[in-house]
Amino acid sequence: MHLAAPGPNAEELDALIKLAARVPDHGKLGPWRFVVIDGEARDRASAALEQVIRNDEGVDDARRDFVRGWFNRAPTCVMVVSSPRPSPKVPEWEQILSAGAVCFNLILAAHALGFAGSWLTEWPTFDERARTALGLASQERVAGFVYLGTPTKGAAERVRADVSARISRY
Ligand SMILES: Cc1cc2nc3c(=O)[nH]c(=O)nc-3n(C[C@H](O)[C@H](O)[C@H](O)COP(=O)(O)O)c2cc1C
């Protein structure tokens with residue numbers, strides 16, 4: 001993941017999350033929340049995931065070991081949780097999009113402070129048992145696990161979508 005220590009300290013993380021939360025948010029519902037997984041909490045959260053897959057078919061010792069180190073791949077992980085509120089006015093879709101904006105805003109803020117970020121979902125997002133183990137309620141979803149740390153190398157350029165083929169005029 002190329003994210004080494006140091007990650008943001010408590011004060012920096014507080015500032016990053018406050019910046020990340022400054023997103024378009026129809027109805028000012030704040031339909032998201034943040035779960036910080038850093039320090040020794042990384043071991044506890046990883047162990048919770050390992051418990052989830054421990055006895056699954058096809059899971060061997062190597063996989064169990066890998067999952068036991070899941071959150072230790074970076075100094076800090078911020079789980080951005082999409083937490084839609086019942087609203088007669090604001091569709092759930094808009095609330096989910098707002099959570100996506102939070103994830104990207106968190107990455108922009110982290111880069112502005114000299115850190116780097118990686119927005120991943122991976123299997124825990126799509127495994128209800130994992131979501132429960134990480135403390136999500138049934139109506140909540142993981143918008144992203146945003147991993148934060150100090151970049152060990154510059155971001156590689158990659159193939160970009162052909163934007164011109166995706167633009168039309170109505
Ligand atoms: C919602 C969302 C989920 C993502 N989940 C993953 C993932 O699980 N695994 C992965 O390799 N990349 C995932 N990505 C892509 C990475 O964030 C990133 O774009 C990719 O690693 C390429 O890096 P770059 O965009 O800096 O070039 C996801 C992106 C988004 C927007």
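**A charged side chain and its setting**

A: Arg131 is buried, yet it has no salt bridge, and the nearest side chain of opposite charge, that of Glu128, is 4.9 Å away. Here buried means under 20% relative accessible area, exposed means over 50%, and partly exposed lies in between (1.4 Å probe, protein chains only). A salt bridge requires a side-chain nitrogen of Lys or Arg within 4 Å of a carboxyl oxygen of Asp or Glu. For charge, Lys and Arg count as positive and Asp and Glu as negative, while His and the chain ends are not counted. The model is predicted, so local features need pLDDT of at least 70 and side-chain atom pairs count only at pLDDT 80 or more, whereas totals for chains, interfaces and linings use all residues. Residues are numbered from 1 along each chain as its sequence is written, and side-chain values use heavy atoms, with hydrogens and water left out.

Arg131 belongs to helix H6. Helices (H or I, at least four residues) and strands (E, at least two) are DSSP runs numbered from the N terminus. The side chain of Arg131 reaches the backbone oxygen of Thr125 at 2.9 Å. This falls under the polar contact rule: a pair of N or O atoms within 3.5 Å, where within protein one atom must be able to donate a hydrogen and the other to accept it, and residues adjacent in sequence count only if both atoms are side-chain atoms. With residues up to four places away in sequence not counted, Arg131 touches Pro124, Thr125, Phe126, Leu136, Glu140 and Arg141. Contact here means heavy atoms within 4.5 Å.

Helix H6 (128–133) also takes part in the packing around helix H2, whose buried residues pack against strand E2 (32–38), helix H3 (61–68) and helix H5 (123–126) as well. The buried residues of H2 are Ala41, Arg42, Ala45, Ser46, Leu49, Glu50, Val52 and Ile53. The 13 residues of H2 (residues 41–53) should span 18 Å at 1.5 Å a residue, and the end C-alpha atoms are 19 Å apart, which agrees. That expectation is 1.5 Å times one less than the number of residues.

Unlike Arg131, which has no salt bridge, several charged side chains are paired. Side chains of opposite charge can pair when their charged atoms come close. The chain holds 11 salt bridges by the rule above. In one of them, Arg44 pairs with Glu40 at 3.0 Å between the closest N and O atoms; Arg44 is exposed, with a relative accessible area of 53%. Another salt bridge joins Arg54 to Glu50 (3.0 Å, N to O). Arg54 is partly exposed at 30% relative accessibility, whereas Glu50 is buried at 3% relative accessible area. Through shared partners, salt bridges connect Glu50, Arg54, Asp65 and Arg68 into one network.

The UniProt record (unreviewed entry) marks Arg22, His26, Trp119, Leu120 and Thr121 as "binding site". These residues span 100 residues in sequence and their farthest two C-alpha atoms are 24.9 Å apart, so they do not all gather at one spot. UniProt positions follow the numbering used here, feature names are shortened, and annotations may be inferred rather than shown by experiment. Thr121 sits in the loop between strand E4 (116–120) and H5 and is partly exposed at 28% relative accessible area. Beyond four places in sequence, Thr121 contacts Phe126, Ala143 and Phe145; Phe126 is also among the residues that Arg131 touches.

His26 lies in the loop between helix H1 (10–20) and E2 and is partly exposed at 41% relative accessibility. Outside four places in sequence, His26 is in contact with Lys89, Val90 and Glu94. The side chains of His26 and Glu94 are joined by a polar contact of 2.5 Å.

As to the whole chain, there are six helices and five strands, in the order β-α-β-α-α-β-α-β-α-α-β from the N terminus. Of the 170 residues, 39% count as buried. Residues 24 or more positions apart supply 78% of the contacts with a separation of 6 or more. The unreviewed UniProt entry assigns residues 6–149 to "domain: Nitroreductase"; over that range the chain is 44% helix and 19% strand, with end C-alpha atoms 6 Å apart.
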